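Here's a quick briefing to read with the model open in your viewer. Have a look at the structure first, then we'll go through it topic by topic.

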Amino acid sequence: MNIDQWIIEADISAMQQALESGSITSEQLTKVYIQRIHRLNPQLRVVLEINPDALEIAIALDEERKQQGVRGLLHGIPILLKDNIDTADKMHTSAGAIALENSIAMTDSAVAANLRAAGAILLGKANMTEWASFMSPKMWAGYSSRGGLTLNPYGPGELFVGGSSSGSAVAVATNLAAPAIGTETSGSIISPASQNSVVGLKPTVGLVSQQGIIPITFTQDTAGPMGRTVTDVAFVLGGLVEKDGQSSTANTAEIRAYEDYTPFLDISFLQQARIGIPRTYMNELDEARLHIFEAAITVLKEAGATIVDPVHLPCEQAQWNADVLRYEFKYALNAYLEKLREDVPVHSLQDVIAFNEQYGERALKYGQNTLYWSEETSGTLQEKEYLDSLKYNAEMARTKGIDYALQEHHLDALMFLGDMGSDLAARAGYPMITVPGGYADTGVVAPGGYVTKGPHGISFIGTAWSEPTLIKIAFVFEQMTKHRVMLELDEF
């Protein structure tokens, strides 16, 4: 087997079959990925660091496979983690910030611990938008002072890469790892997955533990899987979820977690599915993106789905603000930073701001106005503005938003283009999945200054704990369309 060629589009199922047959080993897989990272990373700036123990871990897992069998679906599979996820090893966890570039976590995050227990190889840390896009409104998606600007491989320097899990998405798109882990507060998995022609799933808040993840807000933050296929994402999700109910962010009695999400890869489900189209959200689409969206609706109809179009949400005229993020960021970040090792130079948001000012030439390319804005709060979460906004988000995004539409029209999911519904899902704390939906050959300049051409995903939102339903819908759409545009090995 020519592993260098085979690995370009190999999925986890194919890898496990090859590992079981003995045609490859996890050590060989890991070596090939490391070689690809060394070759592609200088151009795309995807990976911040490689785990120096990755090969040793792979060798140990190969031996365990021979002597004891496999732990599960992820045994011996290399996975990249976003750089805001703690790993208690030789790798750093920095959220892309130079203030934390030498910070090594004292304990694994729950995400890292769960993946290790499942037999995954933590291959390295992926670049990300610094502080998960909560540093400056001027900062480009994919940029960090530690790692530079991650580029979209479908048009390096031209196409929008999406953020803040930029490195995780591009790593999957260029196969620097089969799956990767991102995190999302509002669009940070869905956006880069959509822009880089991969699958991304943002789980219900509380399904995956936030312990050990550099935070923005405990109300909206969650880690989630990214892969080239819905099947890979289903494989990884089972390795992430809190099976024992040890979640700090949800009523554990309500959590509906599964150790294995692959039974939900149901090719026949769309014949009974009802999907709503919130048409108001599509009003600003240019012709090329609207064509992708309408073509997706046609595919779903042909598969037997009932399409309710249009669906109107009472929250469409809601006056949203970012107060929940602003107030929770200082509170949550201070709680994280104060527990870091003594040799780390920052232990509060105030310390971070002062550090950045001291090293401004390197740290403040885009400024830090968002950090100033959050530091102005008390850090106690007692302000009326915060409490009012928290209540407003829940009422409008859930009761007068997603849940209203699903119940009123007896729907399984709402459908959007790319990350267009991600803010709504984020404020509700509800799950969202995006699947490659097509490629726009033309585009317009969006408000952020980027061009809208390139890959775009088709996305589905459900109510709390509806990951199984979203996986079913996304899987059928993916199998019927196969819209993912493969990147050839010799393109870089």
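Which residue of β3 is the bridge partner of Ile-50? That would be Gly-124. Keep in mind that this is a predicted model.

- Eleven strands make up an open sheet with mixed pairing, and they run in the order β1-β3-β2-β6-β8-β7-β12-β13-β11-β9-β10.
- At the edges sit β1 (47–50) and β10 (306–308), each of which pairs on one side only.
- On average, neighbouring strands here are turned by 30° against each other, ignoring direction.
- Strands of a sheet pair through backbone hydrogen bonds, and this can be parallel or antiparallel.
- β1 goes antiparallel with β3 (residues 121–126), joined to it by three bridges, and the Ile-50 to Gly-124 pair links these strands.

**Around β11**
- Five of the five residues in β11 are buried, so the strand is largely enclosed by the rest of the structure.
- In a regular strand, side chains alternate between the two faces of the sheet.
- For β11 both faces are covered: Ala-413, Met-415 and Leu-417 are buried on one side, and Leu-414 and Phe-416 are buried on the other.
- With β9, β11 pairs in the parallel sense over two bridges, and Ile-275 stands opposite Ala-413.
- With β13, β11 pairs in the antiparallel sense over four bridges; here Leu-417 stands opposite Ile-458.
- Helix α9 (residues 287–302) packs on the sheet, touching β9 (274–276), β10, β11 (413–417), β12 (432–440) and β13 (454–461).
- The direction of α9 makes about 150° with that of β11.

**A covered helix**
- Helix α8 (residues 230–240) is mostly covered, with eleven of its eleven residues buried.
- The buried residues of α8 include Asp-232 and Thr-231, along with Val-233, Phe-235 and Leu-237.
- Gly-238 and Gly-239 are also among the buried residues of this helix.

**Cavities**
- What lines the largest cavity? There are 16 lining residues, and Thr-183, Thr-185, Ile-213, Ile-214 and Asp-221 lie nearest its centre.
- Two strands of the sheet, β6 (180–184) and β8 (222–227), each supply at least two residues of that lining.
- By type, the lining of the largest cavity splits into six nonpolar, seven polar and three charged residues.

Conventions:
Residues are numbered from 1 along each chain as its sequence is written. This is a predicted model: local features need pLDDT of at least 70, side-chain atom pairs count only at pLDDT 80 or more; totals for chains, interfaces and linings use all residues. Side-chain values use heavy atoms; hydrogens and water are left out. Buried means under 20% relative accessible area, exposed over 50%, partly exposed in between (1.4 Å probe, protein chains only). On a 1 Å grid over the protein atoms alone, a cavity is a set of points where a 1.4 Å probe fits but cannot get out, and a pocket is an open set with protein on both sides within 12 Å along at least five of seven lines; lining residues have an atom within 4 Å of a point. Ala, Val, Leu, Ile, Met, Phe, Trp, Tyr, Cys and Pro count as nonpolar, Asp, Glu, Lys and Arg as charged, and the others, Gly among them, as polar. Two strands pair if DSSP finds at least two bridges between them. Axes are lines fitted to C-alpha atoms, for helices over the stretch in contact, and angles run from 0 to 180 degrees between N-to-C directions. Contact means heavy atoms within 4.5 Å.
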